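Colleague: I have not looked at this one before. Can you walk me through it, taking my questions as they come?

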Amino acid sequence: MSRRGWTVAGIAGGVVGAAGAAAGVGVAAQRRKIAATRRSLATEMSSHAGTPPGTVGEEMSVMADDGVRMACEVVAPADGSEPALTVVLVHGFALDRRTWQEQRPHLAGLTGPSVRMVLYDQRSHGRSERAPADSCTIDQLGRDLDAVIRALAPEGPLVLVSHSMGGMTVMALAEQHPELFHERVAGVALVSTSAGEMASSGLQGTFLSRRNPIIRTLGGLAAWQPGLVETGRRALGDIIWVFTKRFAYGDRQVDPRMVDLVDTMIDSNAVGALTDFVDTLGTHDRLAALPGLSGCEVLVLAGDGDRIIPWRHSEVIAEAIPTARLVRLPGVGHMPMLEQPEVVDAELDALIARTTERTAGGGLRAKRPPQLTDTTDDEQADAGGGALQGLLRSAGRVRRGSRAPARAGRSRKKDRP
């Protein structure tokens, strides 16, 4: 995911856009239209700022092993029931926990089983503390996730739901603490992520590759002249908004509010903080850690219209985890949880149901979900799950192929959705 990718694309696009405007190509009129749309969205969002029922959580702070403070949140089941498991949601690069705003009310409202949610902002993202540049690594993000689990979900079964760099974080945790995935992690969702370019020989590179010259140039500029980069970002805000839409979503008719949400998350992070992650994203290589997830229920989901992390990366992950469920969403971009939330919610429901069955006997048993092919007909869909399979058939292709607690602090503030 990427605002470093998206910001870079925006700055490059902004230069082109400015040149076009000077040449009288009509870009100025387009920018006025975009600006008017964004002003209207800002007014509407401020006048409807109420938090949907069941999504307000209790804010907390967790200290990473190197002392960096991470902003966290715990959301209890909406009906007040005892949760059967904890779902930990891990966002991706340049975003924050608002990534999951469409899933929050859905998961909070689940019954049979009901679930408890833990959300947090990764280091140098959202409300979490800006971390030293040399600590902005996927390895450290794995340790951060471990600290969050130890502090806020120290016991009981877990489902880890991750997106983009969040998926890389989960892979790092599996590499560092394989016992956790044997003893407590019953389910894992890997949404629009990659196991690494280095391990995936022959794959199309991600937009965030450290070999991308635009990415490297922006990183150097942000380190040398951070003020100049931030000024350029503000000046090109409307153009960047358009590029955010193009790179985050596959649907050109996507709700502008969803574009604004991603743009707002990206804009809340300093470019300099994001460029600290360039090298670790480029060197991330955890293909060897994937078989360690085979004892869990695993969902691998992505859109084949993703311009940030191409679809083939999800196929590679699923090939390394033969029992994984692979879901392909035709035409969907890098943010499927916002672009097609109903499909993602349905798949998370199914994942949680499988993990509940897995843990019912008191142990983690490897089980295969039903297998679907590209040619699934109505009869097969009905046998495989009815309404859920019908929804998935219309939306995309599906293939199946104890420790010391960390420090935590509580706050009485309630978080935004």
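Modeller: A definition to begin with: rings of Phe, Tyr and Trp (its six-membered ring) count as a pair if their centres lie within 6.5 Å, and planes over 60 degrees apart count as edge-to-face. Keep in mind that this is a predicted model.

Colleague: Fine. How many aromatic pairs does the structure hold?

Modeller: There is one aromatic pair in the structure. The ring centres of Phe-93 and Phe-277 are 6.1 Å apart and the planes stand at 65°, so the pair is edge-to-face.

Colleague: Where in the chain are Phe-93 and Phe-277?

Modeller: Phe-93 is in the loop between β3 and α3, and Phe-277 is in the loop between α11 and α12. The pair links distant parts of the chain, 184 residues apart.

Colleague: Is Phe-93 buried or exposed? And Phe-277?

Modeller: Phe-93 is buried, with a relative accessible area of 0%. Phe-277 also has 0% relative accessibility and counts as buried.

Colleague: Salt bridges next. How many are found in the whole structure?

Modeller: A search of the whole structure finds 19. One of them joins the side chains of Asp-276 and Arg-130, at 3.8 Å from N to O. That pair links distant parts of the chain, with Asp-276 in the loop between α11 and α12 and Arg-130 in the loop between β4 and α4, 146 residues apart. Arg-130 is partly exposed, at 46% relative accessibility.

Colleague: What about Arg-354, which residue does it form a salt bridge with?

Modeller: Arg-354 forms a salt bridge with Glu-297, and their closest N and O atoms are 3.2 Å apart. Arg-354 belongs to helix α15 and Glu-297 to strand β7, 57 residues apart.

Colleague: Why does Glu-297 count as buried?

Modeller: Glu-297 counts as buried because its relative accessibility is 1%, and the cut-off for buried is under 20%. Arg-354 is buried as well, with a relative accessible area of 11%.

Colleague: And Glu-315 with Arg-312, how far apart are the closest N and O atoms?

Modeller: In that salt bridge the closest N and O atoms are 3.4 Å apart. Glu-315 and Arg-312 are three residues apart in helix α13, so about one helical turn separates them. Glu-315 is partly exposed at 23% relative accessible area, and Arg-312 is partly exposed at 34%.

Colleague: Which residues are linked with Glu-73 in a network of salt bridges?

Modeller: The network links Glu-73 with Arg-97, Arg-104 and Asp-121.

Colleague: Now strands. How does β1 pair with β2?

Modeller: Strand β1, residues 58-63, pairs with β2 in the antiparallel sense over six bridges. Ser-61 stands opposite Ala-71 in β2. The hairpin of β1 and β2 has five residues between the strands, and Gly-67 in the hairpin takes a positive phi near 90°.

Colleague: Which way does β2 pair with β4, parallel or antiparallel?

Modeller: Antiparallel, over four bridges. Cys-72 is opposite Tyr-120 in β4. Strand β2, residues 69-75, is mostly covered, with six of its seven residues buried.

Colleague: Last topic. Where is Arg-286 found?

Modeller: Arg-286 is in the loop between α12 and β7. Arg-286 is buried, with a relative accessible area of 7%.

Colleague: What is Arg-286 in contact with, leaving aside its neighbours within four places in sequence?

Modeller: Arg-286 is in contact with Ile-138, Asp-139, Met-168, Met-171, Ala-172, Glu-175 and Ala-195.

Terms used: Residues numbered from 1 in each chain as written. Predicted model: local features only at pLDDT ≥ 70, side-chain atom pairs only at ≥ 80, totals over all residues. Heavy atoms only, no water. Buried < 20%, exposed > 50% of the residue type's maximum accessible area, 1.4 Å probe, protein only. Helix = DSSP H or I, 4+ residues; strand = E, 2+ residues; numbered from the N terminus. Pairing = 2+ DSSP bridges. Contact = heavy atoms within 4.5 Å. Salt bridge = Lys/Arg side-chain N within 4 Å of Asp/Glu carboxyl O. Phe/Tyr/Trp six-rings, centres within 6.5 Å; stacked < 30°, edge-to-face > 60°.
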